[in-house]
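Please read them with the structure open.

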Amino acid sequence: MASTDPSTICSDEELLQGVSQGQVHLFGELVRRYERELYGYLRRYLGDAALAEDVFQNTFLQLYLKSNQYEAGRPVKPWLYTIATHQAIDAMRRQGRHQAVSLDEKRATEDVGDTRSLLEMLESREQDPLDSVQGEERRLRVRASVEQLPEFLRQVVLLAYYQGLKYREIAEILDIPVGTVKSRLHAALVKLQQAWDTSASPRET
Amino acid sequence: MDEKLIGYCLNLLDDETQQEMEEYLRRHPEAQQRVHRLRKALAPLASDSLEDSPPPDLVTRTLGCIAEYRCQKLPMAPRVSPRQPMRQGWWRRPDFLAASILILSLVAVGVPFVFRSRHQAGVLRCADNLRNFHHALVDYADHNERREFPMIQENGACSFAGSFIPLLHDAGMLDERLMTNCTNEGGSPPRRLTTRQLKDCYDHRRSEYDHLTHELGGNYAYSLGYRQGGGLHGLSRAHDGYLPIMADRPPFYGCEPPVLEKNSPNHGGQGQNVLSVDGSVSFRKTRFVNGDDIYLNRNQKICAGQDERDSVLGASDAKPAP
């Protein structure tokens, strides 16, 4: 019978606790465990493979450096995403790509989502705008529409939809209240629907 | 309800709320229809759900990068060969004397060197922390039309220097690298408190609020603003780049009588790091920048400056009003 490496059955929290107590070899398992998921997140967030690699490496270097501050039991995943998100923002800022959005604009965008409900919008719609578009074209249109969202809305869509994190975890990662996560996601989905409506309408007419 | 339905569709709710929603949906067919409509509307997102594969050696390179860092940080001690048994009577009195002189010389030279290195490391770490604060302050300023840095108010809950921390927190600019207690011995992160929570303390729990006024700014000092045209003004990105905005804390708190000329206690009284509006950080051996005492206004009071060139950086509890 093949022997199982004990580190593979440890939780993330147990692994990091071990690292913080000097069992540095456990860190490799943590990197392997999040390789695909975190790289995917950064690749999508940054839109650049080389930059995503750099940020991935910096994220784990930071996690390693902070591992001695780890408090036993603290969930590792949101912490890791917090570091990754900050590192990604820093990287974009260095490249001059970070979007500086005014707080007023932020509030205004979130309010748009609040005033016109997503469900009301869907109820008044007769046909789904992207029904007629399939395959690669559909994928490209969807990706472009997500990329065009303001950064603070795009973050929430990536974490909620593509990374499958819970409202509570997203709030922790972005350091905002859960209510704000909900309203941002709502606003983002309204904007996406509007973008899809717009992109589909010229073809239908 | 929309948010709950969206959360339910995307599995964003906690397990308990998810179950409650399932129960609710069983009893409300019209809600089921809405969920169906939502799922259909969100379906296009799935067409781009395929993740890009990471490069094949990403894990190896990441671990290599960490190993490299560890090697730089913690050089391996040279392997020491087992000591040869010492011959009895090998040490003579002159040897002891010579060895003692050597050890004393090493201690005399080495101890100050260690202290100096530690002091320099503390100063550099603190300067780095102030640069990080500058990023946060600039982000804050870039998010408002007047490009103002967090401004301490004349009255109310945010009328003390340390309240710039909750203002940054509200704007989402308080990232985890920032420390409000940064000394030669290390640092600790700021308390994450919103202005709403601060106001709640101000309105209902005054003793806790008083404690917070001392605690929030840690051992840093922040600009109390200046008077112009009868009003209180804060610094903005439009101000001269050399003007100080943040520094190591002064040798007195806001509630204490000011001490003249003494340096900040943060770095053993040898000087203070000063962050300017343009993001530069300098370690100054006196507390004067262009002839201006950064800890007091021209009347030698702990309150807002008399004009925009009269910089006053107050300890956490210091207020713009005298």
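What share of the 205 residues of chain A count as buried? The figure is 55%, where buried means under 20% relative accessible area, exposed means over 50%, and partly exposed lies in between (1.4 Å probe, protein chains only).

1. Ground rules. This is a predicted model, in which local features need pLDDT of at least 70, side-chain atom pairs count only at pLDDT 80 or more, and totals for chains, interfaces and linings use all residues. Residues are numbered from 1 along each chain as its sequence is written, chains are lettered from A and ligands numbered from 1 in the order in which they are written, and side-chain values use heavy atoms, with hydrogens and water left out.

2. Chain A. It has 10 helices and zero strands. Helices (H or I, at least four residues) and strands (E, at least two) are DSSP runs, numbered from the N terminus. Along the sequence the pattern reads α-α-α-α-α-α-α-α-α-α. Take contacts (heavy atoms within 4.5 Å) in chain A between residues at least 6 apart in sequence: 66% join residues at least 24 apart.

3. Chain B. Here there are eight helices and 11 strands. Of its 322 residues, 43% are buried. Among contacts in chain B between residues at least 6 apart in sequence, 64% join residues at least 24 apart.

4. The interface. In chain B, 51 residues touch 61 residues of chain A. About 5,400 Å² is buried between the two chains, and carbon and sulfur atoms give 58% of that area. Buried area is the accessible area (1.4 Å probe) that two parts lose on being put together, summed over both. On the chain B side, Leu45(B), Asp48(B) and His143(B) lose the most area to chain A, together 13% of what that side buries.

5. Cavities. How many cavities of 30 Å³ or more does a search of the whole structure find? There are five. A cavity is a set of points, on a 1 Å grid over the protein atoms alone, where a 1.4 Å probe fits but cannot get out; lining residues have an atom within 4 Å of a point. Points are joined across faces, edges and corners, and a volume is the space filled by probe spheres set on them. The largest cavity has a volume of about 70 Å³.

6. Lining of the largest cavity. H7(A) gives the largest share, four residues. Val142(A), Arg143(A), Val146(A) and Glu147(A) are among the lining residues, as are Arg44(A) and, from the other chain, Asp48(B). By class there are four nonpolar, no polar and five charged residues. Ala, Val, Leu, Ile, Met, Phe, Trp, Tyr, Cys and Pro count as nonpolar, Asp, Glu, Lys and Arg as charged, and the others, Gly among them, as polar.

7. Two residues to check. Gln87(A) sits in helix H4 (residues 76–94) of chain A. Gln87(A) is buried, at 13% relative accessible area. Beyond its neighbours within four places in sequence, Gln87(A) contacts Val55(A), Asn58(A), Thr59(A) and Gln62(A). Pro75(A) lies in the loop between helix H3 (49–66) and H4 of chain A. Pro75(A) is partly exposed, at 39% relative accessibility.

Conventions. On a 1 Å grid over the protein atoms alone, a cavity is a set of points where a 1.4 Å probe fits but cannot get out, and a pocket is an open set with protein on both sides within 12 Å along at least five of seven lines; lining residues have an atom within 4 Å of a point.
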